[in-house]
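Work through the exercises below with the sequence and the structure open. Each task is followed by a solution in steps.

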Amino acid sequence: MDPVHTKKLSHITPVGPTPPTCTRAHPAPAPRRAAGSNTPPPSVHSPSPPRLSPPPLHTSSSATPPRLASLLLLLPPAGVGGMKVTVVSRSGREVVKGGIDLKDSAKVADLQEAIHARTKKYYPARQRLTLPLQPGKGGKPVVLNPKASLSEYCEKGSGSLTVVFKDLGPQVYYSTLFFFEYLGPLIIYPMFYYLPVYKFFGYEGERVIHPVQTYAMYYWCFHYFKRIMETFFVHRFSHATSPLSNVFRNCAYYWTFGAYIAYYCNHPLYTPVSELQMKIGFGFGIICQIANFYCHILLRNLRSPSGSGGYQIPRGFLFNIVTCANYTTEIYQWVGFNIATQTVAGYIFLVVAASIMTNWALGKHSRLKKLFDGKDGRPKYPRRWVILPPFL
């Protein structure tokens, strides 16, 4: 996530024999035979000694570390103007002593690579670079886009730039994060269904498994299996990585709720709902799961395979009436699950999940309305529900 560049050191002057500087005339000295040469030396009476060519300089990929070699290409040549970048922490401490010299054409990603080469610890994914806030001015700092040129953030005519560095901590790929957070519920729920775990809670009697419990287990496993498959084959992430701490937080959330709901849905004293209610609940939930998958396909098509594409107005299917149709179908599929199973644990999970996704949807809806305001040739964001029609 670096090609090896080899840079020839053409400025090195090889050291050779120096002719004598005496003022008296001396016969020209006979040159020594070069080591390993089969060519006899020239005659002593030659008018002038031959000039010995310096041995060729051999370069190899191991002579210069790959990362250092690539960064050397970013340095401005001697005598040519470049850009001086000062990297400081939020407290004002200099992160890279002496700053970093780069070409005027360098990008923010080049600066991140240079910081990594100088610090050895902060690889680009764990760096957050912003412009310093002006004294007396509030608001959020401007975050530097890795794909943008550094010159875009410089004042006109200025050859220097100061950026504020923040360490985001160790990072993991989003696909890794999602895989582990979804793997837990996929494994934990069937354990309560198939294994005699309730004996450890004092229930020694024979357990009767109702059809709704079997269907609930299949429904649950299908949902999280779908999520894992979407993680690897459907989703395109705008950011490649996430802080490592999110793995523990998200796993604690999903795994705990998975065990909590599985305990009550598979309990020996569980009382099933009517067959009609079960069919309505699971039927509605399956329709929402399929709709959720299609919403993810539509969102995938808004981004390129690299994850770029920025904010766009999602269109088609439920997105024509709801800003975050993917969250809408996610919430309503858990409504269907709870209609069919009727447990307190399931409804608590529904309320918590809906609250989290509603907060995300409100933020996204606000950003889209601000970006697409209908001014300066930009399209105007259409009037839509945010997440939960007909309520919000």
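Helices here are DSSP runs of at least four residues, numbered from the N terminus. The model is predicted.

**Exercise 1.** Find which helix gives the largest share of the nonpolar patch.

Solution. Start with the members: Ile187, Met191, Tyr194, Leu195, Tyr215 and Tyr218 make a nonpolar surface patch of about 650 Å². Next, assign them to helices: H3 (174-194) and H4 each supply at least two residues. The largest share, 3 residues, comes from H3. Met191 is found in H3, and its relative accessibility of 38% makes it partly exposed.

**Exercise 2.** Compare the span of helix H8 with the expected span, then state what covers its buried residues.

Solution. H8 covers residues 344-371, which is 28 residues. From first C-alpha to last it reaches 41 Å, close to the 40 Å expected at 1.5 Å a residue. Its buried residues include Phe349, Met357 and Leu368. Their cover includes helices H4 (211-233), H5 (245-265) and H7 (325-341).

**Exercise 3.** Classify the ring pair Tyr253 and Phe349, and say which helices it ties together.

Solution. The structure holds 35 aromatic pairs. In this one the ring centres are 6.2 Å apart and the planes meet at 40°. Planes under 30 degrees apart would be stacked and over 60 edge-to-face, so the pair is tilted. Tyr253 lies in H5 and Phe349 in H8, so the pair ties together parts 96 residues apart in sequence. Phe349 is buried, because its relative accessibility is 4%, under the 20% cut-off.

Note on methods: Residues numbered from 1 in each chain as written. Predicted model: local features only at pLDDT ≥ 70, side-chain atom pairs only at ≥ 80, totals over all residues. Heavy atoms only, no water. Expected span 1.5 Å × (residues − 1). Buried < 20%, exposed > 50% of the residue type's maximum accessible area, 1.4 Å probe, protein only. Contact = heavy atoms within 4.5 Å. Patch = residues over 30% accessible without salt bridge, like charges linked within 9 Å, V, L, I, M, F, W, Y side chains within 5 Å. Areas by Shrake-Rupley, 256 points an atom, 1.4 Å probe, with all protein chains shown as cover. Salt bridge = Lys/Arg side-chain N within 4 Å of Asp/Glu carboxyl O. Phe/Tyr/Trp six-rings, centres within 6.5 Å; stacked < 30°, edge-to-face > 60°.
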